[in-house]
Amino acid sequence: MPNDPALEGEFLSDERQLPAAPSLPDELYLLPLTEKPFFPAQTLPLLMNEAPWLPTVEAIGETAHHMVGLVVVKPDNTDDVKRPDFRSIGTVARIHHPVRSDGKMQFIAEGRRRFRIVEWLSDSPPYKVRVEYPIINTIKDLLPHNPLYSEELKFFLNRFGPNEPSQLTDFAASLTTASKQALQDVLEALGLKKRMEKVLVLLKKELDVARLQSDIREKVDEKMSEQQREFFLRQQLKAIQKELGIAKDDKTAELDTFNERLAGLTLPAPAKKRIDEEMHKLSLLETGSPEYTVTRNYLDWLTVLPWGVHTQDKIDLERARRILDRDHDGLEDVKDRIIEFLAVGAMRGEMAGSILLLIGPPGVGKTSIGKSIAETLGRKFYRFSVGGMRDEAEIKGHRRTYIGAMPGKFVQALKEVGSANPVIMLDEIDKIGASFQGDPASALLEVLDPEQNADFLDHYLDVRFDLSKALFICTANDFSIPTALLDRMEVIRLSGYITEEKIAIARHHLWPRVLTRAGLKNAQLKITDGALRHVIEGYAREAGVRNLEKQLGRVARKAVVKILGGVATPIRVGIREVETYLDKPVFSREKPMSGVGVVTGLAWTSMGGATLPIEASRIHTLNRGFKLTGKLGEVMKESAEIAYSYVASHLKPYGADCTFFDTSFVHLHVPEGATPKDGPSAGVTMATALLSLARNVKIKRPLAMTGELTLTGQVLPVGGIREKVIAARRIGITELILPDANRRDFDKLPEHIRAGLTVHFAKRYQDVAGVVFG
């Protein structure tokens with residue numbers, strides 16, 4: 001077959017001028033193979049038709065490397081090959097001695113290395129693609145990420161060439177930071193293909209890590225460059241402004257700020273002296289020193305406090321009554337106490353030196369009453385909880401020797417409200433704690449003592465501040481407050497609400513708030529008074545109204561689901577619908593227990609009033625004995641012992657067998673044994689249960705009682721009369737026996753609570769027995 005001089009000369013001229021290319025091209029022209037793949041180790045003559053592939057060979061001749069990609073195709077005929085017919089893996093080969101004859105082309109192909117097609121650059125002959133070479137390409141990608149790799153590559157190329165796969169594979173493995181075991185696995189892989197596969201995985205991991213490190217480094221450099229740029233620009237701006245006289249340095253600007261704050265304040269002489277000293281010290285310090293920051297923060301606190309700044313009190317009793325009535329239903333006695341308190345302040349001309357304690361069950365409105373008092377006076381209001389507080393530094397601040405030191409809560413409150421006479425509410429003061437860090441309750445003694453708080457000393461400020469103009473309001477659920485602290489407070493009791501009061505509260509306050517939170521309008525959801533009563537008596541019997549609001553919220557949420565589901569509005573909630581929304585009632589209607597030796601007492605708890613049935617029973621007649629159960633406290637056990645001794649020594653006057661207790665083992669039990677109980681107020685109830693047992697007489701009518709009993713039969717007063725009366729009304733008991741000394745407490749109750757009740761007042765136990773057994 002004659003040679004084509006022009007075509008052959010084109011290839012030969014380049015071949016004579018250049019040695020074998022040390023690197024493989026990224027772009028190749030493709031020629032198809034139909035019979036079998038061409039391997040890198042082969043050097044063979046290839047024959048193919050000239051018609052469709054001559055332009056490809058000519059284009060190859062114009063390249064510097066004279067290399068072609070040989071790829072197997074699916075059809076057996078190379079004349080009709082399309083792009084999808086090519087495989088993705090082929091062999092790069094160098095073309096030698098091309099010859100044309102009779103429509104055919106022949107050349108010698110010298111295989112070099114496998115390649116993978118990564119991108120097609122043309123869709124028709126001559127086909128051109130972008131390729132990648134395993135290991136070599138990965139090494140090329142890895143080189144820019146570490147300059148040491150380039151030095152190692154130069155050393156390698158001095159000894160070997162890039163077309164020696166075994167040495168290249170080992171060199172690639174040595175570039176990685178793989179583990180000792182992974183590199184040992186490469187060393188032990190004697191087969192070249194297996195070794196190359198292992199090294200390629202290691203190289204890919206190395207490349208991913210290097211790229212990630214490079215990205216992170218670029219982002220850090222970019223951020224640092226931006227910050228440096230901003231810093232230099234700000235420094236230049238400051239220098240320009242300083243030259244023009246329109247700006248000051250940071251220290252001067254801060255000192256001017258502090259002086260501006262002090263301009264409208266009336267400082268005591270010690271405070272002014274301290275501030276002047278600190279500002280002089282600040283002016284001498286370098287802005288970069290740690291002491292500068294400490295002094296600056298200290299001056300920031302000293303100058304931001306409201307020295308001599310007071311709001312004008314608006315003591316208008318009629319306005320105060322309107323605000324209290326607007327915000328609270330019921331609590332008439334509490335409102336009267338608050339009005340009296342405000343009236344005294346109006347008479348004195350100031351409300352200074354007053355500490356109120358609002359004590360009552362959860363959810364009765366203690367916090368909201370505090371807000372209403374602040375509004376009636378026109379003062380700023382600040383509230384924080386001391387429940388669980390165990391560090392006295394929370395009250396009196398940290399000493400400035402500590403890192404991160406801050407003033408106490410009272411100084412923070414003054415800073416926030418900007419007034420020296422705010423209303424400050426201390427919530428949950430009965431739950432204040434103590435620890436190795438100090439006793440916050442003791443620290444409060446100085447704050448809440450009108451004789452001491454005029455010179456209140458915060459450890460951080462170390463300058464005295466006058467707190468005597470502030471009005472302090474504390475809240476608690478019970479009297480478990482340190483005596484010294486309680487002694488400084490004026491106590492206002494907030495008892496629980498009866499059903500009628502809860503209905504009014506729900507209608508005027510809770511229901512509108514629930515609708516707003518649910519995104520509903522009044523016209524979309526309506527609830528009847530009967531439904532409210534059913535919710536209160538069946539689901540929310542506690543003294544407060546917090547749980548009542550939760551139950552109404554459940555009703556509203558379920559109504560929202562119905563409305564969004566397409567139910568027509570308005571939705572009306574009546575008594576029958578309540579159980580659809582809230583399931584079965586949690587509370588059933590209580591019925592007073594009855595029987596021989598069974599009497600209903602009245603008790604006070606932190607959750608409000610409660611009825612307390614007491615049972616007495618004779619276990620056997622073998623011997624004398626007395627047993628108590630029901631998780632009773634020490635005081636209640638003593639009351640039971642006193643009741644037993646009194647009744648046992650007075651059986652004959654009360655018409656019982658004088659020898660009854662001599663041969664009876666008596667068991668006295670207070671039900672709901674899991675609930676702790678204590679206090680002396682069940683004395684007359686226990687005595688009545690024991691006398692009922694001794695006389696074998698059942699109390700025939702609903703009757704409840706309370707009172708402390710002495711060994712001589714006197715009935716002493718007890719607390720919580722309002723709560724106990726409400727508890728009796730709740731279960732339908734309308735006849736009560738109370739200590740005569742509590743007559744005044746009962747007379748103070750609102751008329752709607754006293755209405756319909758028959759109350760007997762007892763001075764001695766004979767009065768109790770006369771009502772019960774007469």
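1. The charged end of Lys415 sits over the ring of Trp301, 4.3 Å from its centre. A charge counts as over a ring if NZ of Lys or CZ of Arg is within 6 Å of the ring centre and within 35 degrees of the ring normal. Arg400 is placed in this way over the ring of Tyr298, with its charged end 3.6 Å from the centre.

2. This is a predicted model: local features need pLDDT of at least 70, and side-chain atom pairs count only at pLDDT 80 or more, while totals for chains, interfaces and linings use all residues. Residues are numbered from 1 along each chain as its sequence is written, and side-chain values use heavy atoms, with hydrogens and water left out.

3. Rings of Phe, Tyr and Trp (its six-membered ring) pair if their centres lie within 6.5 Å; planes under 30 degrees apart are stacked, over 60 edge-to-face, and the rest tilted. The count is 17 aromatic pairs. Helices (H or I, at least four residues) and strands (E, at least two) are DSSP runs, numbered from the N terminus.

4. Tyr382, Phe384, Phe410, Phe456 and Phe472 form one aromatic cluster.

5. Phe746 counts as buried because its relative accessibility is 8%. Buried means under 20% relative accessible area, exposed over 50%, and partly exposed in between (1.4 Å probe, protein chains only).

6. Helix α24 (residues 721-730) is mostly covered, with eight of its ten residues buried. Among them are Ile721, Val725 and Ile726. Gly732 follows α24 and has a positive phi, near 85°.
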